[in-house]
Amino acid sequence: MTDPRTDTHPNAGANTTAPQLVVLIGPAGAGKSTWAGAHYQSHQVHSLDWLRAVVSDDECDQDATADALVLLTAILHTRLARRLTTVVDATSTSVADRAWLLGIAAEHQVPAVAVTFTTPLEVCLARQAARPGPAPGRRWGRAVPAAAVVDQHARTCDALATLHAEGFTHVTEIEGGDIATEIHYQTYDAVTDTAGAATLTVAHLVDGLGEADRLAAAHAGSDVDVDVTAVVRPDGRDLVREWERTHADVL
């Protein structure tokens, strides 16, 4: 296996120094961002969520997607013209989503590789259920509706049969998502009297709430109070809900 932070993912079957366009394909909650963060340097990975935040201050604002795609297109052309491996972190579950990416790669004569995430549907749905809905005054939240996740999952599985024909030179399937745990927590800053919510994804299994509390506190910083609201493992288990069920008589 190659170094996980080299210029190509370890299953590409290609020279690790060769530039590539890496297209992540999979439903919301499949583990794409965590996998990309573990295998590529941060400047190589370009997330549609992040670009939505750049143009609208809200990564969840679906109305900002068109503007975010303008930025993504410019980034792709610029990086591929410089022969730099670039990762697109988005669902990319439809043929149309992928066709324009393949077109940009072909324009710059850079091979496109696909990494598909067929993480079990129940795991994807459990992760979405644990994610927060819209913040006050916002239309969108991090949680993707279950119907959309089901559709994205089905499209991802169907795509496995067509990706080579579409033009991808290599196709890698990630069946279980990353070995990672999502820790959702709320914060309160007594100095400014402000509350917030955040999610921390760690690339290992978290086995207890004590560890989750420590990780969330370290992630949030020392100036705020932290309350862990969900600890979702790759199998969809939420350690907070399990604890609440087993301690229902004392709550």
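Is C157 buried, partly exposed or exposed? I looked up its relative accessible area and found 35%. That falls between the cut-offs of under 20% for buried and over 50% for exposed, so C157 is partly exposed. I note here that the model is predicted.

I turned to C124 next. Its relative accessible area is 0%, so C124 is buried. Then I searched the whole structure for disulfides and found zero. C124 is in no disulfide; the nearest cysteine sulfur belongs to C157, 9.3 Å away.

**Entry: aromatic rings**

How many aromatic pairs are there? I counted two. In one of them, the ring centres of W35 and Y40 are 6.1 Å apart. Their planes meet at 55°, so I logged the pair as tilted. W35 and Y40 are both buried.

The rings of W35 and F117 have centres 5.8 Å apart. Their planes are at 80°, so this pair is edge-to-face. I looked up where the two residues sit. W35 is in helix α1, residues 32-39, and F117 is in strand β4. The two are 82 residues apart, so I wrote down that the pair links distant parts of the chain. F117 is buried, as is W35. Ring pairs join W35, Y40 and F117 into a cluster.

**Entry: nonpolar cores**

I looked for the largest nonpolar core and found 21 residues in it. L21, L76, V88 and F168 have the most contacts inside this core. Which elements supply at least two residues each? I listed β1 (21-25), α2 (48-56), α3 (65-81), α4 (95-107) and β4 (112-117).

Y40 and F117 were already in my notes, as members of the ring cluster with W35.

**Entry: around V88**

I went back to V88, one of the residues with the most contacts inside the largest core. I left aside its neighbours within four places in sequence.

Methods: Residues numbered from 1 in each chain as written. Predicted model: local features only at pLDDT ≥ 70, side-chain atom pairs only at ≥ 80, totals over all residues. Heavy atoms only, no water. Core = buried A, V, L, I, M, F, W, Y, C linked by side-chain atoms within 4.5 Å. Buried < 20%, exposed > 50% of the residue type's maximum accessible area, 1.4 Å probe, protein only. Helix = DSSP H or I, 4+ residues; strand = E, 2+ residues; numbered from the N terminus. Contact = heavy atoms within 4.5 Å. Phe/Tyr/Trp six-rings, centres within 6.5 Å; stacked < 30°, edge-to-face > 60°. Disulfide = S-S within 2.5 Å.
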